Amino acid sequence: ALFPAPAAEGARAVAFCGSGESPQLRSLLLARPGLDVVRVDPDSLRCEPMRGENTRVYRQRAFAIERAREAEVVAVVVASMGMEAEVMRDVVELLRSQVRAAGKKCYVLTLGKPNTAKLSNFGDVDVFCLLSNAGSSAVDPRTFHKAVVTAAELQVALDVRPWDGPLPTDAACALECRTLPCPPRDDEHDGGGDAGGAGGEVVAFESVAAERLGEREYR
C-alpha cells in the first residue's frame with residue numbers, strides 16, 4: 001500500500017506498508033530514486049526510512065545495466081498480459097530495432113511468466129529484457145542465472161536513454177525513447193546484428209518445450 005500514490009504530482013515522501021523484498025517497493029525505488037520512502041513492516045509496525053538512490057536495489061540495477069551493455073545476444077521476453085496488444089507490438093519492434101542498430105543479436109520470446117527452467121533453454125543469450133507491468137518487470141538479479149533487465153534499463157545500456165535518476169519499470173515507457181543507437185565500429189562487432197538468419201534478421205519464436213518445462217514440478 002502506498003500513501004500517497006507515488007504517481008501523485010509533487011509528492012515528496014510516501015509510506016509503503018509491506019515486505020522489504022516486495023516487487024512493488026523495488027519498482028517504486030527505481031522509478032522515484034529521489035523520493036523519501038518510509039517502509040512500514042505490517043507485522044512489527046516498525047518504520048524503515050529509505051531513499052531509492054541510496055539502496056542496494058539501485059546498485060543492483062546498475063550492475064544489470066552493465067551486463068546488458070556488454071551483452072552480444074539479447075532476448076526480449078514478452079511476459080505481460082495486461083498491456084494492450086498494439087502497445088506491446090510497438091515496444092517489441094522499437095527494442096528490436098534499437099538492439100539491432102547497436103550491432104547485437106536479438107531474439108523475441110513469448111514465454112508467459114518466466115522461470116529458471118524456461119530461461120535455461122536459451123544458453124546463448126547474455127541478457128534478458130522482461131516486458132511486463134511496473135510491479136513485476138524489475139526482478140531481483142539473484143533470481144535467474146543471467147541478468148534480467150527492464151525495457152528502460154536496456155535502453156540505458158544501448159545509450160538511447162539517459163540515466164539521470166528515474167528508471168521506470170513499465171515496459172510501455174520504452175516508447176518515450178525512440179532514438180536508435182549509433183552503429184558500432186566494424187572492428188567491434190562482426191555479426192552486424194545477425195541473430196542466425198540471413199541479412200541480420202531477428203528471429204522471433206515461441207518455445208513450446210520451455211513452456212512444458214516451466215509447468216513441471218522440480219524437487
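**Whole chain**

Start with everything selected: of the chain's 219 residues, 46% count as buried. Buried means under 20% relative accessible area, exposed means over 50%, and partly exposed lies in between (1.4 Å probe, protein chains only). This is a predicted model: local features need pLDDT of at least 70, side-chain atom pairs count only at pLDDT 80 or more, and totals for chains, interfaces and linings use all residues. Residues are numbered from 1 along each chain as its sequence is written, and side-chain values use heavy atoms, with hydrogens and water left out.

Switch to cartoon. The chain has six helices and nine strands. These are DSSP runs, numbered from the N terminus: helices are H or I with at least four residues, strands E with at least two.

Now contacts, meaning heavy atoms within 4.5 Å. Among those between residues at least 6 apart in sequence, 63% join residues at least 24 apart.

**The largest core**

Select Leu95, Val127, Cys129, Leu131, Val149 and Leu154. Of the 35 residues in the largest nonpolar core, these touch the most other members. Such a core is a set of buried Ala, Val, Leu, Ile, Met, Phe, Trp, Tyr and Cys residues joined through side-chain atoms within 4.5 Å. Elements that each supply at least two residues include helix H2 (56-70), strand E7 (127-131) and helix H5 (151-157). H3 gives the most, with six residues.

Zoom in on Leu95. Leaving out residues up to four places away in sequence, Leu95 touches Val76, Cys129, Leu131, Ala151, Leu154, Gln155 and Ala174.

Next, pick Leu109, Phe122, Leu130 and Val148. They are among the 15 residues of a second, separate core.

**Cysteines**

Cys47 counts as exposed, at 55% relative accessibility.

Move to Cys173. The nearest cysteine sulfur, that of Cys177, is 9.2 Å away. Cys173 is buried, with a relative accessible area of 17%.

**Last stop: a ring**

Show Phe63 and Arg67. Arg67 lies over the face of Phe63, 4.5 Å from the ring centre. The criterion is NZ of Lys or CZ of Arg within 6 Å of the ring centre and within 35 degrees of the ring normal.

Technical notes:
A disulfide is a pair of cysteine sulfur atoms within 2.5 Å.
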